[in-house]
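Here is a protein chain to look over together. Take a moment with the sequence and the 3D picture, then follow the questions below.

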Amino acid sequence: MPASQKELDVSESNPLIEEPTFCEVHPSRETSLRCNKCGRLMCADCAVLTPVGYRCRECVRQHEDKFFNASQYDYAIVFAACAALSGLAGAIISAIGFLFLVIIAAFPVGGAVSEVALRLTQRRRGRYSGQIAAAGVVAGGIIGGVIRVYLSYGSAAAELARRAPGRDIPVLPLDTALTTALSDISLLIFIGIVAFTVYGRFRMRI
Ligand SMILES: [Zn+2]
Ligand SMILES: [Zn+2]
């Protein structure tokens with residue numbers, strides 16, 4: 001056997017010289033990092049840093065599935081509670097319409113809305129609780145704003161009817177009410193902050 005061939009054999013069997021290894025999801029990326037649970041090779045993009053070390057996305061997901069215990073029923077309660085409370089708060093807020101106050105009020109309102117929704121569902125959460133809670137806040141807030149538009153239109157119409165009896169007062173069309181509600185910047189900012197706060201609260205791990 002020639003000397004060079006022999007050297008090659010030695011290098012192949014030598015455990016100190018490691019073969020390059022690659023990410024199991026991205027075969028072009030060289031890595032030696034392994035998931036500390038299942039042992040699969042993973043690149044920096046695939047690795048998730050957890051309190052117990054680096055894990056692959058699959059193991060993290062499996063762990064979360066054990067943690068998430070919300071049912072479809074809980075999702076419905078979360079959506080309904082967030083929509084109802086945000087609707088009420090949105091109607092009040094758009095009646096106030098004072099931007100600075102709206103921003104200050106939005107964070108505690110978001111905290112209170114999520115606390116109520118969490119208590120109603122015995123703090124059960126699911127993978128989509130954050131999104132569902134935020135969607136409830138947005139839907140409820142817009143409906144609250146529309147209701148407020150109708151209430152103020154109604155009182156203006158009543159005032160007009162009192163001053164000019166017998167005059168025909170048209171019913172406010174829904175799309176006009178919706179456009180009016182959505183052009184209320186302080187209401188939109190309020191809904192945004194509350195949705196953001198609620199989403200963050202539901203995404204929290206503990
Ligand atoms: Zn793993
Ligand atoms: Zn990868």
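**Overall form**

Author: The chain has a radius of gyration (taken over C-alpha atoms) of 29 Å, whereas a compact globule of 206 residues would have one near 17 Å; the globule rule is 2.2 Å times the number of residues to the power 0.38. Keep in mind that this is a predicted model, in which local features need pLDDT of at least 70 and side-chain atom pairs count only at pLDDT 80 or more, while totals for chains, interfaces and linings use all residues. Residues are numbered from 1 along each chain as its sequence is written, and chains are lettered from A and ligands numbered from 1 in the order in which they are written.

Reader: What box do the C-alpha atoms of the chain fill?

Author: The box is taken along the principal axes. Its dimensions are roughly 115 × 35 × 30 Å.

Reader: Which pattern does the chain follow, read along the sequence?

Author: Helices (H or I, at least four residues) and strands (E, at least two) are DSSP runs, numbered from the N terminus. The chain has seven helices and two strands. In sequence order, they give α-β-β-α-α-α-α-α-α.

Reader: How much of the chain do buried residues make up?

Author: A residue is buried if 20 or more other C-beta atoms lie within 10 Å of its own, exposed if 12 or fewer, and partly exposed in between, with C-beta atoms placed from the backbone. Out of the 206 residues in the chain, the buried share is 29%.

Reader: Is valine 78 buried or exposed?

Author: Valine 78 lies in helix α3. Leaving out residues up to four places away in sequence, valine 78 touches Ala117, Thr121, Ser129, Ile132, Ala133 and Gly136, where contact means C-beta atoms, placed from the backbone, within 7 Å. Because valine 78 has 29 other C-beta atoms within 10 Å, it counts as buried.

**Helices side by side**

Reader: How are α3 and α7 set relative to each other, roughly parallel or roughly antiparallel?

Author: Axes are lines fitted to C-alpha atoms, for helices over the stretch in contact, and angles run from 0 to 180 degrees between N-to-C directions. These two axes come within 10 Å and cross at roughly 150 degrees. Angles under 35 degrees count as roughly parallel, over 145 as roughly antiparallel, 65 to 115 as roughly perpendicular and the rest as oblique. So α3 and α7 are roughly antiparallel.

Reader: Which residues of α7 make the contact with α3?

Author: On the α3 side, the contact uses Cys82, Ser86, Gly90, Ile93 and Ser94. From α7 come Ser186, Leu187, Phe190, Ile191, Val194 and Val198.

Reader: In which crossing does α5 pass α7, left-handed or right-handed?

Author: The axes of α5 and α7 come within 8 Å and cross at roughly 160 degrees, so this pair is roughly antiparallel. A crossing is left-handed if the near helix is turned anticlockwise from the far one by less than a right angle, and right-handed if clockwise. For α5 passing α7, the crossing is right-handed.

Reader: What is phi of glutamine 122?

Author: Most residues other than glycine have a negative phi. Glutamine 122 sits in the loop between α4 (99–120) and α5 (129–163), and it is exposed because it has 9 other C-beta atoms within 10 Å. Its phi is positive, near 50 degrees.

Reader: And what phi does arginine 123 have?

Author: Arginine 123 is found in the loop between α4 and α5. It is partly exposed, with 13 other C-beta atoms within 10 Å. Although arginine 123 is not a glycine, its phi is positive, at about 60 degrees.

Reader: How far apart in space are arginine 61 and arginine 127?

Author: Arginine 61 is in helix α2 (residues 57–67) and is exposed, with 12 other C-beta atoms within 10 Å. Arginine 127 is 66 residues away from it in sequence. In space, C-alpha to C-alpha, they are apart by 9.7 Å.

Key. Two residues are in contact if their C-beta atoms, placed from the backbone, lie within 7 Å.
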